[in-house]
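The points below are meant for a colleague who is meeting this structure for the first time. Please read them with the structure open alongside.

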Amino acid sequence: FPKEVAASQSALRLLADLQEAQNKIADAIKSIQRAIAIEATTDDYESLSRLYRQQRRFTEALAAANQALKLDDSATYLQFERACSLAQLGRKREAIAALKEALESESKASIDLDEPDLKPLATMPEFKALKEKVKEDLNSAGEKPAEPTKPAKP
């Protein structure tokens with residue numbers, strides 16, 4: 001049903017999910033882009049950002065996260081996507097600011113500060129302090145930290 005899929009935003013999203021699961025990231029990006037062409041949503045841009053990060057295309061990942069925030073500035077979970085891309089682009093201060101914003105509004109347990117894309121921040125005292133504070137907050141709340149993510153395949 002290629003014509004039906006091409007005309008359906010939800011079908012294109014499902015197709016992109018299947019393609020991602022099969023590690024066909026370039027195809028998944030194309031499917032999400034086609035869904036965005038039908039109607040742009042915050043979730044689609046978030047998916048696009050994540051997919052671009054998997055391909056190590058950090059400038060495009062950052063642009064997609066920024067576009068999602070333009071559509072919905074209350075979607076603060078996107079600050080984590082921004083932080084990962086900013087860190088990889090060497091924009092460490094901006095990455096720390098984005099992480100702080102994400103941590104202020106999201107469950108600390110859902111944010112993985114061991115994400116490989118945040119590795120450029122590891123030696124920064126601000127990042128170490130942030131990580132320690134999150135750990136303390138989670139311990140006092142009795143929560144477990146986010147499961148470490150697997151590194152994206154280049």
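Predicted model: local features only at pLDDT ≥ 70, side-chain atom pairs only at ≥ 80, totals over all residues.

1. E126 lies in helix 8, and its relative accessibility of 32% falls between the limits of 20% and 50%, so E126 counts as partly exposed. Leaving out residues up to four places away in sequence, E126 touches R93, I96 and K100.

2. The overall make-up of the chain can be stated briefly. The chain has 8 helices and 0 strands, and from the N terminus on its elements run α-α-α-α-α-α-α-α. Of the 154 residues in the chain, 40% are buried. When contacts between residues at least 6 apart in sequence are considered, 58% of them join residues that are at least 24 apart.

3. The interior deserves a point of its own. In soluble globular proteins, nonpolar side chains tend to be buried together. Here the largest nonpolar core has 21 residues, and those with the most contacts inside it are F80, L99, I111, L113, L118, L121 and F127. At least two residues of this core come from each of helix 6 (78–88), helix 7 (92–105) and helix 8 (125–141), and helix 7 gives the most, with 6 residues. L99 shows how such a residue is surrounded, for, not counting residues up to four places away in sequence, L99 touches F80, A83, L113, L118, L121, F127 and L130.

4. How do helix 6 and helix 7 run relative to each other, roughly parallel or roughly antiparallel? Their axes come within 8 Å and cross at roughly 165°, and because an angle over 145 degrees counts as roughly antiparallel, that is the description for helix 6 and helix 7. The crossing of these two helices is left-handed. On the side of helix 6 the contact is made by Q79, F80, R82, A83, L86 and A87, and on the side of helix 7 by K92, E94, A95, A98, L99, E101 and A102. Sorted by class, this contact of helix 6 with helix 7 has 8 nonpolar, 1 polar and 4 charged residues.

5. The axes of helix 2 (residues 9–21) and helix 4 (residues 42–54) come within 12 Å and cross at roughly 25°, and since angles under 35 degrees count as roughly parallel, helix 2 is roughly parallel to helix 4. The crossing of helix 2 and helix 4 is left-handed. Helix 2 contributes Q9, R13 and E20 to the contact, and helix 4 contributes D44, R50, L51 and Q54. The residues of this contact between helix 2 and helix 4 divide into 1 nonpolar, 2 polar and 4 charged.

6. Not counting residues up to four places away in sequence, E46 touches A68, Y77, L78 and E81. E46 and L69 are 23 residues apart in sequence and 9.1 Å apart in space, C-alpha to C-alpha.

7. With 4% relative accessibility, A75 counts as buried. Leaving aside neighbours within four places in sequence, A75 is in contact with T42 and L69. Between A75 and A65 there are 10 residues in sequence and 10.0 Å in space, C-alpha to C-alpha.

8. N23, in the loop between helix 2 and helix 3 (25–38), has a phi near 60°, a positive value in a residue other than glycine, and N23 is partly exposed, with a relative accessible area of 44%. R56, in the loop between helix 4 and helix 5, has a positive phi of about 65° although R56 is not a glycine. R56 is partly exposed, with a relative accessible area of 34%.

Key: Residues numbered from 1 in each chain as written. Heavy atoms only, no water. Core = buried A, V, L, I, M, F, W, Y, C linked by side-chain atoms within 4.5 Å. Buried < 20%, exposed > 50% of the residue type's maximum accessible area, 1.4 Å probe, protein only. Helix = DSSP H or I, 4+ residues; strand = E, 2+ residues; numbered from the N terminus. Contact = heavy atoms within 4.5 Å. Axes fitted to C-alpha atoms, helices over the stretch in contact; angles between N-to-C directions. Parallel < 35°, antiparallel > 145°, perpendicular 65-115°, else oblique. Left-handed = near helix turned anticlockwise from the far one by under 90°. Nonpolar A, V, L, I, M, F, W, Y, C, P; charged D, E, K, R; others polar.
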